[in-house]
Amino acid sequence: MKLIILGAGGHGQVVADLARQAGRYEEVLFLDDKAEGADIVGTCADYVRFQNQNVEMYPAFGNNAGRVQWENKILEAGITLAAIIHPLAYVSPKAEIAAGCVIMPYAVVNTGTILKKACIVNIGALVDHDCILEREKITCRREQKWIPGR
């Protein structure tokens with residue numbers, strides 16, 4: 001399977017590195033409107049050209065609203081949206097991770113936690129049990145939002 005990352009900037013390079021280390025993808029490529037290089041195979045507008053069952057995509061834009069807009073476009077085109085989880089992260093089997101989320105090395109996502117669309121759990125962040133990270137949440141520290149009755 002291939003991963004195509006929209007945006008070859010800083011966040012895109014980090015996501016590519018995480019994806020390569022996770023070992024899920026045979027190839028990691030980019031779509032970018034400005035950058036050039038051997039692994040850049042087109043512009044962001046070309047995303048539909050790569051639609052098939054052997055491709056997942058991830059929009060690696062720092063702007064949360066822009067990232068969510070691109071996630072919606074990808075899903076509406078019937079393309080699978082990737083969730084990237086580094087192998088050195090701990091994610092409880094009882095956690096729910098939405099497509100479009102990224103979990104970086106040494107992060108902990110504990111039991112009963114729900115990560116909604118477009119969340120990024122940064123290096124070493126701790127998201128304790130029964131937390132809900134709403135869409136577009138970026139966390140760098142321990143998040144505790146206990147919901148009574150959960």
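Reader: What should I know about the numbering and the model?

Author: Residues are numbered from 1 along each chain as its sequence is written. The model is predicted, so local features need pLDDT of at least 70, side-chain atom pairs count only at pLDDT 80 or more, and totals for chains, interfaces and linings use all residues; side-chain values use heavy atoms, with hydrogens and water left out.

Reader: How many aromatic pairs does the structure hold?

Author: A pair of aromatic rings is described by the distance of the centres and the angle of the planes. Rings of Phe, Tyr and Trp (its six-membered ring) pair if their centres lie within 6.5 Å; planes under 30 degrees apart count as stacked, over 60 as edge-to-face and the rest as tilted. The structure holds two such pairs. Tyr47 and Trp70 have ring centres 5.3 Å apart and planes at 85 degrees, so they are edge-to-face. The pair of Phe61 and Trp70 is tilted, with 6.3 Å from centre to centre and 45 degrees between the planes. Tyr47, Phe61 and Trp70 form one aromatic cluster.

Reader: Is Trp70 buried or exposed?

Author: Buried means under 20% relative accessible area, exposed over 50%, partly exposed in between (1.4 Å probe, protein chains only). Trp70 has 16% relative accessibility, so it counts as buried. Tyr47, at 13%, is buried as well.

Reader: How many disulfides are there?

Author: A disulfide is a covalent bond between the sulfur atoms of two cysteines. The cut-off is a pair of cysteine sulfur atoms within 2.5 Å. The structure holds zero disulfides. For Cys119, the nearest cysteine sulfur, that of Cys101, is 4.7 Å away.
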